[in-house]
Amino acid sequence: MSTTSPPLSARQIARRRRTAAWRRNWALFRGHRAGLVGLCILAVFVVVALAAPLLADGEGLKVTKATGGVLESPSGEFWLGTDESGRSVLTMLIWGTRISLLVGLLATAISMVIGTVVGLVAGFFEGWTSRLLYRLTEWFLVIPFLPLAIILAVVLGRSLLNIAIVIGVTSWPATALLIRSQTLSIKERPYLERARVLGAGRWHQMTRHVLPNVMPMVFANTTLTVAVAILSETTLSFLGLGDPGRVSWGSMLEGAFGVGAMTTGSWWYIVPPGICVVLVVLAFTLIGQALEEVFNPRLRER
Amino acid sequence: MDHLLELDGLSVSYRTADGPLPAVRGVDLVVDAGEVVGIAGESGCGKSTLASTVLRLQPKDAVVEGEVLVAGRDVLTMGWGDLRALRWAEASIVFQGALHSLNPVRRIETQIAEPIQLHEPGLSTAEVTARVGELLEQVGIPAARSRVYPHQLSGGQRQRVMIAMALACRPQLIVADEPTTALDVMVQAQILDLISGLVKDLGVGMLIISHDLSVLSDVCDRVAVMYAGRVVECGSAEQVFRAPAHPYAKALAQAFPRVGDPAARYAPAGLAGDPPDPHAPPPGCTFEPRCTLAVDACREAEPPLLDIGGRQSACIRVGAA
Amino acid sequence: MTTLAAAAGTEAAPEPAEASGPRRSFGRYLAGKVLGALGSLLFVLVVNFFLFRVLPGDPARSLTRGRVVSKEQMDAFREQYGLDQPLAQQFLTYLKNTAQGDLGVSIRYNVPVSELIVDRMWPTIALVGVSTLLATVIGVYLGMVSAWRRGGGFDRFSTGITLTLYSMPEWWLGLLLIAGLSVGFGPLPGIFPTGGLNSIDADPSSLSGMLDSAWHLTLPVITLTLAYLAEYSLIMRSSLLDELGENYLTTARAKGLRDVEVRRRHAVPNALLPTTTLAALNIGFVVSGAITIETIFSIPGLGLLSYEALSIPDYDVLQGTFLLASGAVIVANLVANLIYGVLDPRVRT
């Protein structure tokens, strides 16, 4: 506004506009109480995951170094009791946060990359490749997740990376369809037509116009996907398909189920990991829903 | 005798986080049988809110003051049972955007028959079907097409269905909210012909809402121009359109030049600026910031709607003259 | 009025054909959906075939993983499974066998997989069928009332509960219910059996045996119903909220309908349409629930069969159940799409 400031470069204008947009979106998000609650819950878990070595000795995860008795109930020494090998459930819970979050995020990243690329290409380009990609997505979409994940996990073998891959490659189709429909609608907008007339190449159109406009939806969708991915990790680990060398919430529950903790009344071995799963998944879901409302004006009006 | 519709000091404001947001401010208006009254104004001037209060259909967060009398009874205070009996039977509405105002997954015959069955439960199915057929023929749609769905009809046909539906219970009063918006010019003319024909034939009273003054001038006996929630000019259609007194009515009339009107070609068209922010209205006349003829006195007080030679206008210059 | 009728004719130019049009476009919709389902099915077959034969390198080695075998045994094994033939030939053989219902032989039980499946099918059908039915009815109802009273006490409570259920692994909920209601907690005695389909002394073919089975299935059904209904309720709530913003509901109110009638006649039926589609797309989670719930309640159905096959691993059984689950989901999806096509005239005509 002021006349003394030097003219802004295109890049500066773009950056200012982006900052303003973020500020506006943050203001909208802040008005969403459930989303804020989700963010707070998530923040706690992220801090626990990052500070795990400070909160509990990692040595406590080794069966050979276990100091407690078998399935001891909570005490001053073991706040959440012990498991069947005498390890502290609390220590496992704290370190399990890392694995559960890590696998969830890794799987989501894989799913997002595949989904976004497939969705963009299927929506932006015309011709048989994009049609085939669209069909492929539709076919993939109806394949039930768990059976597919099970056979993939059996074939690939049990490791942290593999379980992330399994979840990633089975959960991308919904994202791809969302991105495709967004891309299709953006493609019809006047500014893209103008860019085309001005001679913008496909790469330029895609990276400068389509992608930035699709990103908000991707962002909201990512958060919801993390929720599903963490839930999936827990279920796959529970079924014994997780990394046998690492403790996650799912593998703890597998152990608890294996020793029949629910029939012996060892609630401390079953309840805490499940509550952690519920809280984290709920947090991601609430944040995702809030983001959807922020980025989708149609939802906001309701 | 009671008027068909009488708005008496009607004010509507919406409850918002930033305090009440006035949409309609003190409107008085009368519609009699066989009369077509138009309300003109830009989007956001409160005309659709006003239309919705006639059947007490305003949103839940709206606060209404004043009186809305339909055939002498106050719609705003009557019991729910009386209100439901009055809705559509005594007054009906042709909503804007027929595509969204019709249920997309029901046949049009079902939708037209619905109010008939509701208000005249004694009728047999055959009688209802016959009435639906008549209604469709009356608006120029063959009765044989009664089993189609809204999406199978063109925009103009859908609007005809809306009109047929509005006539279903033979109401005395019809409110038409932007009945021709989103239709192309030829279809618009046909719908307007249809409406004025029906009013003449059936002797009903009609309140038409539109942003397009030329549409209103074609079919209306009287026209009221609204600005920022108030009526700023009111008179016969001819007066308001040909010789508007209020500067805003002038600008609005010029925005829709009639073909073959040489004066329109030379008059400055268009109006700079936006309607005032209802949260922070200007101190005096609400139109003053956009008015080319404004003087200091305009900023002091909001001019009242004054009678001048058989019509009304809310401008201090008109009052002085 | 006659002039008006004539005028109406002039604008009727883009009128959709009436007599043959609807049927033809519905035919196209139908054909598209059936072709799509066939595509999905073929896709599943390809995945099933290649995943086990191509991905892990030498299939003979991975099929015999964990067991010591001599070279002669390997060769014999290859020949037995037709692994010495070209891949395309193998695929065709696989397709032919699958079409004939030959899904291979279970290593663990040493019986054909198809027999195993037929044997284990009924508990799963009973469990999943009853739970889905209950969950649909309850979930849709909860979602409906929530949306109708958006922001009110009921909505907050119901949405809070459903979101929590949605965020919960259904088998964890099952474990809690076993601990609380079957085993008993503290002074409270357990009510339900902890698992299985029959009591040891019950004769499954007698009436009392059937009632005994039903009693054994009660807690699993409750668990699955709770797990499924969260999804349906959330979908219905958002569909109805979408619908409630629509103008045609104002029209319905203007006609003098009671709010209850507006809801029952217009809003709810219309909101059920997108709910059908979304529920069909999410039908895969029904299968996931069957696997985990049968596992924790030891119900001898297809889910438990897959779970048991995991640890061995019994490849033919895994492939067979995967194929069956996918096929069932694909068919269910197709049926849902066809129902949608019949219910929504915008698709049909």
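Between chain C and chain A the count of salt bridges is zero, a salt bridge being a side-chain nitrogen of Lys or Arg within 4 Å of a carboxyl oxygen of Asp or Glu. The model is predicted, so that local features need pLDDT of at least 70 and side-chain atom pairs count only at pLDDT 80 or more, whereas totals for chains, interfaces and linings use all residues. Residues are numbered from 1 along each chain as its sequence is written, chains are lettered from A in the order in which they are written, and side-chain values use heavy atoms, with hydrogens and water left out.

Three residue pairs, both at pLDDT 80 or more, are in polar contact between chain C and chain A (a pair of N or O atoms within 3.5 Å, one able to donate a hydrogen and the other to accept it). By class, the side of chain C that touches chain A holds 33 nonpolar, 13 polar and four charged residues, where Asp, Glu, Lys and Arg count as charged, Ala, Val, Leu, Ile, Met, Phe, Trp, Tyr, Cys and Pro as nonpolar, and the others, Gly among them, as polar.

In terms of contact (heavy atoms within 4.5 Å), 50 residues of chain C meet 43 residues of chain A. The area buried between these chains, namely the accessible area (1.4 Å probe) lost on putting them together, summed over both, is about 4,100 Å², and carbon and sulfur atoms give 78% of that area. Within chain C, the most area is lost to chain A by C:Phe43, C:Trp171 and C:Trp172, which together account for 15% of what that side buries.

Of the two pairs of chains in contact, chains A and C share the most contacts, while no contact joins chain A and chain B, whose closest C-alpha atoms lie 12 Å apart.

Terms used: Buried area = accessible area lost by both parts, 1.4 Å probe. Polar contact = N/O pair within 3.5 Å; in protein donor to acceptor, adjacent residues only side chain to side chain.
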